[in-house]
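Here are my notes for your read-through. Keep the model open as you go.

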Amino acid sequence: MTMPTVQSDSYLTLNYRLVLPGGEDYINTFEDNPATVMFGTGQFAPCFEKALLGMTTGERRTVVIPPEEGFGLHKPELVQWVTMETLKENTDETPSFSPGDVIEFNAPSGAQYAGVLQSMTDEGAWFDFNHPLAGKPITFEAEIVAIL
């Protein structure tokens with residue numbers, strides 16, 4: 001009898017960990033509850049799904065995902081100036097933020113997007129709208145708990 005393996009349409013439970021280049025955990029479900037995901041639905045980034053393909057229940061794997069295959073390269077054009085007026089329009093209160101805060105903005109189309117505050121003055125602020133993991137190689141460690 002062959003063991004089931006992770007396929008492109010799998011529904012599975014797993015523990016996983018994303019480790020930043022400096023060694024700190026970005027996400028670690030090994031310390032909490034495992035995640036249950038359905039492949040191909042956008043619940044999990046394609047680079048993580050690809051790393052899991054072919055694994056069996058109980059198997060553990062660690063891969064380093066380069067920025068180009070993970071969250072992309074850091075794009076300088078996505079670091080943008082936002083006026084204080086725009087910032088106030090997108091928050092419920094008078095802004096009192098600190099560098100590193102993640103602020104959500106409403107696009108004219110109704111979509112929402114988030115930026116990380118880089119620096120701020122009385123006139124406005126610089127925000128980085130890249131994904132927080134853009135430009136970084138990510139170590140992805142996973143263990144399959146069950147293939148459902």
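1. Start with a term. Helices (H or I, at least four residues) and strands (E, at least two) are DSSP runs, numbered from the N terminus. By that rule, N15 sits in strand 1, residues 11-19.

2. A word on the source. This is a predicted model, where local features need pLDDT of at least 70, side-chain atom pairs count only at pLDDT 80 or more, and totals for chains, interfaces and linings use all residues. Residues are numbered from 1 along each chain as its sequence is written, and side-chain values use heavy atoms, with hydrogens and water left out.

3. Is N15 buried or exposed? Buried means under 20% relative accessible area, exposed over 50%, and partly exposed in between (1.4 Å probe, protein chains only). N15 counts as buried because its relative accessibility is 12%.

4. Look at what surrounds N15. Contact means heavy atoms within 4.5 Å. Leaving out residues up to four places away in sequence, N15 touches T29, F30, N33, P34, E141, A142, E143 and V145.

5. Now find strand 3, residues 35-38. Its covered face has A35 and V37; its uncovered face has T36 and M38. In a regular strand, side chains alternate between the two faces of the sheet.

6. Compare I27, in strand 2 (residues 25-28). Its relative accessibility is 30%, so I27 counts as partly exposed. I27 touches Y16, R17 and L18, again not counting residues up to four places away in sequence.
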